[in-house]
Amino acid sequence: MTRVGIGYDSHRFIKGRPLILGGLTIPHAFGLAGHSDADAVAHALTDAILGAAGAGNIGQLFPDDDPQWKDADSMELMRTAHELVRGRGLAVAQADVTVITELPKLGPHLGSMGVALAQRLGLAAGTVNVKAKTNEGMGFIGRGEGLAVIAVALLEAR
Ligand code: MG
């Protein structure tokens, strides 16, 4: 049995927070606003994993009005979601992620981001691919107000 899920997330850039994407702290003048550490890459991939399993979404598992998840490590939330899915006899076989942002340039970080995501999910390096692109200057992303992430996860029975 194979199942596929899609995840989407967006967060607003703000001053005074580190920019955390895929578990990496990336040098930038802005971080992302959010209840947790606002790691939009981890959030989108978490939703893709949960979606594939028909197991709801990240907001149901880790409500953003619950003080327990204030400044939470989103990579750990993602790992927990994967454990839940593993409990249903499924595991990520492959995942693909696209980060859409004008700045910072993410090219130098994409490889290590994929490795970090795979590692936290307990998967072989190369299981998770991460790409980045701009929004060609259009809309809220183009104006540098925030970024968005789209993720797809393929789950297989394990
Ligand atoms: Mg989010």
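Residues are numbered from 1 along each chain as its sequence is written, and side-chain values use heavy atoms, with hydrogens and water left out. Because the model is predicted, local features need pLDDT of at least 70 and side-chain atom pairs count only at pLDDT 80 or more, while totals for chains, interfaces and linings use all residues.

**Exercise 1. State the strand order of the open sheet and find which strands stand at its edges.**

Step 1. Strands (E, at least two residues) and helices (H or I, at least four) are DSSP runs, numbered from the N terminus. Two strands pair if DSSP finds at least two bridges between them.

Step 2. The open sheet has five strands in the order β4-β1-β7-β5-β6, and its pairing is mixed.

Step 3. Look at the pairs. β1 and β7 run antiparallel and are joined by eleven bridges; in β7, Ile150 is the bridge partner of Tyr8. β1 and β4 are also antiparallel, over two bridges, and Ile14 has Gly31 as its bridge partner in β4. β5 (residues 90-100) and β6 run parallel, with six bridges; here Ala95 is partnered by Val128 of β6.

Step 4. β4 (31-32) and β6 (128-133) each have a single partner strand, so they stand at the edges and one side of each is left without a neighbour in the sheet.

**Exercise 2. Decide whether Val149 is buried or exposed, and list what Val149 touches.**

Step 1. Val149 is in strand β7.

Step 2. Buried means under 20% relative accessible area, exposed over 50%, and partly exposed in between (1.4 Å probe, protein chains only). Val149 has 0% relative accessibility, so this residue counts as buried.

Step 3. A contact means heavy atoms within 4.5 Å. Leaving out residues up to four places away in sequence, Val149 touches Gly7, Tyr8, Asp9, Ala40, Val41, Ala44, Val97, Thr98 and Val99.

Step 4. Helix α1 (residues 40-53) lies across β1, β4, β5, β6 and β7 and runs at about 155° to β1. Such angles run from 0 to 180 degrees between N-to-C directions, with axes fitted to C-alpha atoms, for helices over the stretch in contact.

**Exercise 3. Find which residues make the nonpolar surface patch and which element gives the most.**

Step 1. Patches are made of residues with over 30% relative accessible area and no salt bridge; nonpolar side chains (Val, Leu, Ile, Met, Phe, Trp, Tyr) are joined within 5 Å, like charges within 9 Å. The areas come from the Shrake-Rupley method with a 1.4 Å probe.

Step 2. Val4, Ile6, Tyr8, Phe140, Ile150 and Val152 make a patch of about 560 Å². β1 (2-14) and β7 (146-157) are the elements that give two or more residues, and β1 gives the most, with three.

Step 3. Check one member: Val152, in β7, is partly exposed at 36% relative accessible area.

Note on methods: Salt bridge = Lys/Arg side-chain N within 4 Å of Asp/Glu carboxyl O.
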